[in-house]
Amino acid sequence: MPIKQKRRESYRDRAQRDLRRYGEAILHSEEMRQAFQQKHHKLSTVGDHTMRVALSALGLCYALRRLHIAADIPTVVTGSLCHDLGILGRDEKYLSQAQCLRQHPADSVEAARRLVGELSEKTEDAIARHMWPFAGSKMPNSLEGAIVSAADKIASFEDYTETIRQKAAGRLRARRERPGRKERLK
Ligand SMILES: [Fe+2]
Ligand SMILES: [Fe+2]
């Protein structure tokens with residue numbers, strides 16, 4: 001009799017499930033809708049970047065779990081989904097890029113409080129110190145904070161590589177649409 005094999009849940013399915021379970025209210029908030037309207041890291045948006053951070057952070061959690069290191073998933077989900085919400089309205093809010101880099105983590109903590117109410121110490125730490133080791137940020141105090149901070153760097157790198165890919169694709173399209181040499185000589 002054939003043995004029925006249980007399909008192993010993929011990392012992305014598992015991450016989507018955890019995001020829905022612990023981040024539903026944030027994902028459906030007005031702030032998150034606005035996040036997809038605001039440019040971030042050249043051609044990306046705050047929303048796209050946020051989703052990349054959340055997926056990378058959860059990937060790190062699952063990898064650590066295999067090493068018997070358990071991170072608190074709800075903290076990581078709330079921390080990653082809210083870490084940059086304070087940056088919304090950047091151009092009207094901050095006087096300079098330096099001010100934005102320094103201040104948006106604290107503003108994201110406030111945005112997270114408005115969305116989910118009281119935050120655990122670890123969640124606040126993960127949001128407030130996500131810029132580490134840049135912008136004068138202190139080092140995160142928790143494993144969850146370190147995960148969100150590392151995921152933020154990975155996702156920022158992905159934002160820029162996606163920008164390069166989109167620019168290259170745009171240049172290629174423009175070249176293809178340009179009249180060919182023979183046509184130009186007609
Ligand atoms: Fe940030
Ligand atoms: Fe970020």
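A crossing of two helices is left-handed if the near helix is turned anticlockwise from the far one by less than a right angle, and right-handed if clockwise. In this structure, α4 passes α8 in a right-handed crossing.

## Model and conventions

The structure is a predicted model, in which local features need pLDDT of at least 70, side-chain atom pairs count only at pLDDT 80 or more, and totals for chains, interfaces and linings use all residues. Residues are numbered from 1 along each chain as its sequence is written, while chains are lettered from A and ligands numbered from 1 in the order in which they are written.

## Overall architecture

The protein chain contains 9 helices and 2 strands (DSSP runs numbered from the N terminus: H or I of at least four residues for helices, E of at least two for strands). Their order from the N terminus is α-α-β-β-α-α-α-α-α-α-α. The C-alpha trace spans about 70 × 70 × 30 Å along its principal axes.

Of the 186 residues in the protein chain, 34% are buried (20 or more other C-beta atoms within 10 Å of the residue's own, with C-beta atoms placed from the backbone; 12 or fewer is exposed, and in between is partly exposed). Among contacts between residues at least 6 apart in sequence, 62% join residues at least 24 apart; a contact requires C-beta atoms, placed from the backbone, within 7 Å.

Helix α8 covers residues 143-177 and reaches 50 Å from its first C-alpha to its last, close to the expected 51 Å (1.5 Å times one less than the number of residues). Its buried residues are E144, G145, I147, V148, S149, A151, D152 and A155. They pack against α3 (46-66), α4 (73-82) and α7 (121-128).

The axes of α4 and α8 come within 9 Å and cross at roughly 40 degrees (lines fitted to C-alpha atoms, for helices over the stretch in contact, with angles from 0 to 180 degrees between N-to-C directions). The two helices are therefore oblique to each other, a class left after under 35 degrees (roughly parallel), over 145 (roughly antiparallel) and 65 to 115 (roughly perpendicular). At this crossing, T75, V76, G79 and S80 of α4 meet E144, I147, V148 and A151 of α8.

## Residue V77

V77 lies in helix α4 and is buried, with 27 other C-beta atoms within 10 Å. Beyond its neighbours within four places in sequence, V77 contacts D18, L19, Y22, G23 and A54. The C-alpha atoms of V77 and T123 are separated by 9.1 Å, at 46 residues apart along the chain.

Key: Two residues are in contact if their C-beta atoms, placed from the backbone, lie within 7 Å.
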